[in-house]
Amino acid sequence: MERRELIQWLVATAGLHALDSLAPADLLALGRDVHGSRDPALRVLSPPAERTVAAAAERILPGAPAAGASAFIDKMLADWHTPVERERFLAGLPELDTRCRSRRGRVFVDCAEADQVAVLTALDDEVTALRASRGAAIANEHWFAMLKYLTVYGYCTSETGMRALGLYPIAGRYDGCARL
Amino acid sequence: MTDFDAIVVGSGMTGGWAAKELTERGLRTLVLEAGRPIAPERDYVEHKPPWEMPFRGLGDRRTVAARQSTQSHSVSFDEWSHVFWTDDADNPYSTPPDRPFHWFRARQVGGKSIIWGRQVYRWSDLDFEANVRDAVAIDWPIRYADLAPWYDHVERFIGVSGQAEGLPHLPDGPFLPPMELNCVEQHVRQRMHAKFGRARVLTIGRVAVLTTPHNGRAPCHYCGPCHRGCITRSYFSSVNATLPAARATGRLTLRPFSIVRSLVYDAGKNRVTGVRMIDAETKTEREYTGRIVFLCASALESARILLNSDLANSSGQVGRNVMDHIKWGGASGEFDGWTDRRTIGERPNGIYVPRFRNVTSRHPDFIRGYGFQGGAGRAGWHAALRAPGIGPALKARLSQLGPWTMSFAGFGEMLPREENRATLHPTLVDAWGIPTLHIECTWSENELAMHRDMNVAAAELLEAAGARHIEPRTTGPSTPGNTNHEMGTARMGRDPRTSVLNGWNQAWDVPNLFVTDGAVMTSSGNQNPSLTYMALTARACHYAVEQLKRGDL
């Protein structure tokens with residue numbers, strides 16, 4: 001199978017397998033994605049999942065989606081994480097929609113910024129509490145901890161992020177006591 | 001008529017030196033390298049940014065788990081440098097299930113000299129006399145005076161930056177200008193001097209990285225990850241320095257993809273006549289003949305070749321006395337102040353605290369000693385990866401630097417013990433059908449006591465320097481082999497009944513066979529060992545060529 005065909009096949013099967021089970025808002029979001037997917041090469045994230053990931057990444061770390069968060073997260077889920085980790089992430093992600101619906105009756109991507117921030121902050125607090133009560137290893141397994149880690153790590157290792165952090169290009173010299 | 005005057009097995013740290021010294025002294029020399037050729041322009045990846053790597057530096061987790069699960073334990077193994085380590089599936093070995101040993105292996109032109117830590121420290125008679133003084137194992141057949149001119153010779157060629165300190169037990173060399181200690185390291189040096197005087201000294205690491213132009217190589221530009229290669233050839237490796245020098249003589253033949261199975265021996269003459277090798281790509285076997293053979297394949301590989309040849313082992317010592325350096329003891333602490341200061345550039349070097357135990361005093365719990373490596377710095381975005389918070393506050397946090405933190409990590413001497421041993425595995429073979437090794441190696445109580453003391457002494461140093469939140473290491477001792485300083489498996493000595501090699505690295509049993517890699521070590525010292533291997537190699541080459549000219553080989 002040619003790569004392009006494979007991509008089309010993946011997009012089709014990931015996005016269209018259960019239209020009748022989707023809420024109207026999801027259908028709207030899906031329509032936007034089918035006609036204007038950000039990255040046709042995504043292999044794990046369906047178009048609506050990618051939109052959710054990108055919207056959440058922007059609130060977690062402003063600028064992260066523009067620096068390629070979705071593609072990096074998709075790559076990691078496809079080729080780096082274990083199937084168990086991948087499923088945990090994909091099973092957890094819809095919780096963003098669930099929580100936004102219960103607040104405002106809308107999916108995450110259609111919620112106002114303040115509501116998105118409130119939902120993400122609550123999840124972040126839950127992971128922090130988990131870290132305190134059950135330790136880092138357990139907390140890091142939480143699907144939101146995965147999303148946040150991948151967002152932050154991906155940004156800090158992107159060209160945009162490394163330039164913004166002053167880590168690229170290299171200085172070409174050593175100064176052991178430079179002024180900030 | 002032989003194919004070559006000399007055959008060198010291995011093209012890494014010591015093989016490169018043998019190639020340079022033998023060719024420069026007129027010998028037509030064949031270097032056999034088990035792995036692939038390396039072209040710096042194609043294979044060095046130190047400047048490739050993370051966003052050009054598939055996993056941004058996190059490594060190909062699944063492939064590593066399947067093919068490099070042992071090699072990946074090395075501190076310098078990463079997504080860039082993993083190509084400089086072997087494939088574990090093709091190169092198996094065994095250990096007792098409850099006693100792991102990390103056998104790190106590098107098969108390419110340059111060997112482990114591409115990925116080494118570059119720290120270089122001379123030994124002194126505190127080390128060469130240690131076994132006889134403590135009545136441990138056997139005495140070294142040489143003393144510092146025998147090796148000193150060869151340390152000079154090697155250091156002048158490779159280029160070592162460092163600070164002369166005048167310590168009798170860590171002799172100075174012809175150093176290039178030292179790299180800079182950062183603000184906090186300078187502070188700790190001064191406070192340690194105030195408290196301990198000359199008994200505990202903090203100095204900048206002595207490192208085979210250039211700080212000035214040297215022998216046609218450029219000074220370091222502080223990009224950081226030396227273990228991924230160095231296009232400016234600023235750190236020493238055989239690819240960057242010794243092999244080009246050997247090639248310039250016109251007498252070098254370098255054959256990659258050449259796995260030496262065994263040595264060919266003529267019992268009538270009691271000489272090795274050459275080597276039997278397998279082409280790694282075609283898997284065809286062939287022989288090369290030479291007048292002398294140098295084994296420079298790394299400590300365990302050279303022992304494996306000797307065992308597979310059933311040669312040079314009348315003492316029964318081949319494969320025994322496996323040593324490494326014990327590590328993962330030490331402590332770190334934080335410093336208030338210097339909040340308006342940071343480091344710029346990645347210094348490929350740290351601090352060094354030369355051995356201070358059992359130098360002028362006597363520690364009640366152990367013999368020998370350890371040195372500390374480490375350094376001070378401020379954590380950047382990595383420390384914020386799991387920090388609480390989201391949004392602009394998190395983004396701001398990523399560019400904030402943490403408090404200055406100073407760490408000391410000990411590297412301790414391991415005693416030679418016959419029961420720490422590599423033997424030929426009765427059934428296990430590598431991908432080329434060559435019998436591989438079974439390795440049994442554990443720390444003794446002396447090393448474990450030293451490891452415990454590293455935590456105590458490091459905390460003392462930090463306390464003297466005024467650090468707060470002093471935290472001892474809690475990881476326990478390193479897995480044997482993990483320091484990548486394996487040695488001792490064909491030791492030098494004064495008596496053919498108890499050693500494999502004489503004082504010139506010449507096999508007692510086979511006069512035209514030399515071994516000059518880590519296998520030769522009679523004790524381990526606590527210093528990073530490559531400099532000593534290189535000096536021993538150059539010295540042995542000089543001797544071998546003289547003997548050859550005299551017709552004695």
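## A walk through a two-chain model

B:Asn321 touches B:Pro416, B:Arg417, B:Glu418, B:Asn420, B:Met487, B:Gly488 and B:Arg491, leaving aside residues up to four places away in sequence. Before going on, keep in mind that what you're looking at is a predicted model.

So where does B:Asn321 sit in chain B? You'll find B:Asn321 in the loop that links helix 9 (299-309) to strand 8 of chain B. Is B:Asn321 buried or exposed? B:Asn321 counts as buried, because its relative accessibility is 1% and the cut-off for buried is under 20%. The side chain of B:Asn321 also makes a polar contact of 2.9 Å with the side chain of B:Gln317.

Now for the sheet in chain B. Here 6 strands line up as an open sheet in the order 3-10-11-12-8-15, and the pairing is antiparallel. At the edges you'll see strand 3 (203-204) and strand 15 (468-472) of chain B, each pairing on one side only. Within that order, strand 11 (residues 370-378) and strand 12 (residues 404-412) of chain B run antiparallel and are joined by 9 bridges.

Helix 7 (residues 183-196) of chain B lies across strands including strand 3 and strand 10 (351-353) of chain B, and runs at about 60° to strand 12 of chain B. Helix 11 (residues 445-464) of chain B lies across strand 8, strand 10, strand 11, strand 12 and strand 15 of chain B, running at about 15° to strand 8 of chain B.

Chain B has another pair of strands worth a look. Strand 1 (residues 4-9) and strand 2 (residues 29-32) of chain B pair too, but in the parallel sense, over 4 bridges. B:Ile7 has B:Leu30 in strand 2 of chain B as its bridge partner. In a regular strand, side chains alternate between the two faces of the sheet. Which residues of strand 2 of chain B point which way? B:Thr29 and B:Val31 point one way, B:Leu30 and B:Leu32 point the other way, and all are buried.

| Strand pair | Direction | Bridges |
|---|---|---|
| Strand 11 and strand 12 of chain B | antiparallel | 9 bridges |
| Strand 1 and strand 2 of chain B | parallel | 4 bridges |

Helices can meet each other as well. The axes of helix 1 (residues 13-24) and helix 6 (residues 144-158) of chain B come within 13 Å and cross at roughly 100°. Because of that angle, helix 1 of chain B is roughly perpendicular to helix 6 of chain B. On the helix 1 side, B:Trp17, B:Lys20 and B:Glu21 make the contact, while helix 6 of chain B brings in B:His153, B:Val154, B:Phe157 and B:Ile158.

Now over to chain A. Its secondary structure comes to 10 helices and 1 strand, and, read from the N terminus, the order is α-α-α-α-α-α-α-α-α-α-β. Chain A has 180 residues, of which 43% count as buried. It exposes about 8900 Å², with carbon and sulfur atoms supplying 56% of that area.

To finish, zoom in on A:Ala114, which lies in helix 7 (residues 113-134) of chain A. Why does A:Ala114 count as exposed? A:Ala114 has 58% relative accessibility, and exposed means over 50%. A:Ala114 and A:Lys148 are 34 residues apart in sequence, and their C-alpha atoms are 18 Å apart in space.

Terms used:
Residues numbered from 1 in each chain as written. Chains lettered and ligands numbered in written order. Predicted model: local features only at pLDDT ≥ 70, side-chain atom pairs only at ≥ 80, totals over all residues. Heavy atoms only, no water. Pairing = 2+ DSSP bridges. Helix = DSSP H or I, 4+ residues; strand = E, 2+ residues; numbered from the N terminus. Contact = heavy atoms within 4.5 Å. Axes fitted to C-alpha atoms, helices over the stretch in contact; angles between N-to-C directions. Buried < 20%, exposed > 50% of the residue type's maximum accessible area, 1.4 Å probe, protein only. Areas by Shrake-Rupley, 256 points an atom, 1.4 Å probe, with all protein chains shown as cover. Polar contact = N/O pair within 3.5 Å; in protein donor to acceptor, adjacent residues only side chain to side chain. Parallel < 35°, antiparallel > 145°, perpendicular 65-115°, else oblique.
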